[in-house]
Amino acid sequence: MTDRQQEIDDLLSMFHDFDIVNAELNGDTLILAITIPWGSMWIKDDYTYTIRLELIGCIFFSCDYYKIKSKELIKIGDNRYQRDIEKITTTNPADLNGLELSIQSRTKIQPDTYELHCISNEEIDFATITLTTTDYRIFDQDGKEFTLDKMKQWATDWWDGIQKMWDEQKRTTTR
């Protein structure tokens, strides 16, 4: 694995509760506007901080999302039920706009191929985005490019803050 591939893997591994606001393909570059919850570290209760991620070398893009057809559950076995859903597949990133997909995790398929696992709203059960990428660029909400190291620091600060909150909650409930 090249250093750049490792960086892409590190970057995508941080994606949790990252909401896709806009998606478009420009040549072989997938451009994602993504709202990240980390803005609340800087402005109390601000969950609207948006970064722009350019995934370069996106020669394959596909999204399978599962539209809920009915709120009723269908029995599929003994004590097993599932929602009545319809699988929809798209190869056009712009079709993601308006689906309110929230990236929860990623799976590396090959050195340059990833699956992004998403949840959505009451109309879309879940989605899986499969894409290729060989390079990337990250921009803050002011359009300034920043480094993976800065993103990693934000992630560390965020999760340290979450851990501190959990520790405080534990102390107050055990008193």
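In this briefing, a residue is buried under 20% relative accessible area, exposed over 50%, and partly exposed in between (1.4 Å probe, protein chains only). The model is predicted: local features need pLDDT of at least 70, side-chain atom pairs count only at pLDDT 80 or more, and totals for chains, interfaces and linings use all residues. Residues are numbered from 1 along each chain as its sequence is written, and side-chain values use heavy atoms, with hydrogens and water left out.

**Loop residues with positive phi**

- Asparagine 79, a residue other than glycine, has a positive phi near 55°.
- Asparagine 79 sits in the loop between β4 (61-77) and β5 (80-90), where strands (E, at least two residues) are DSSP runs numbered from the N terminus.
- With 73% relative accessibility, asparagine 79 is exposed.
- Glutamate 100 is likewise not a glycine, and its phi is positive, about 60°.
- The loop between β5 and β6 (102-110) contains glutamate 100, which is exposed at a relative accessible area of 52%.

**Cysteines**

- A disulfide is a covalent bond between the sulfur atoms of two cysteines.
- The structure has zero disulfides, a disulfide being counted as a pair of cysteine sulfur atoms within 2.5 Å.
- For cysteine 58, the closest cysteine sulfur belongs to cysteine 63 and is 12 Å away, too far for a bond.
- For cysteine 63, the closest cysteine sulfur is in cysteine 118, and the 6.6 Å between them is too far for a bond.
- Cysteine 58 is buried, at 4% relative accessible area, and cysteine 63 is buried at 0% relative accessibility.

Conventions
Helices (H or I, at least four residues) and strands (E, at least two) are DSSP runs, numbered from the N terminus.
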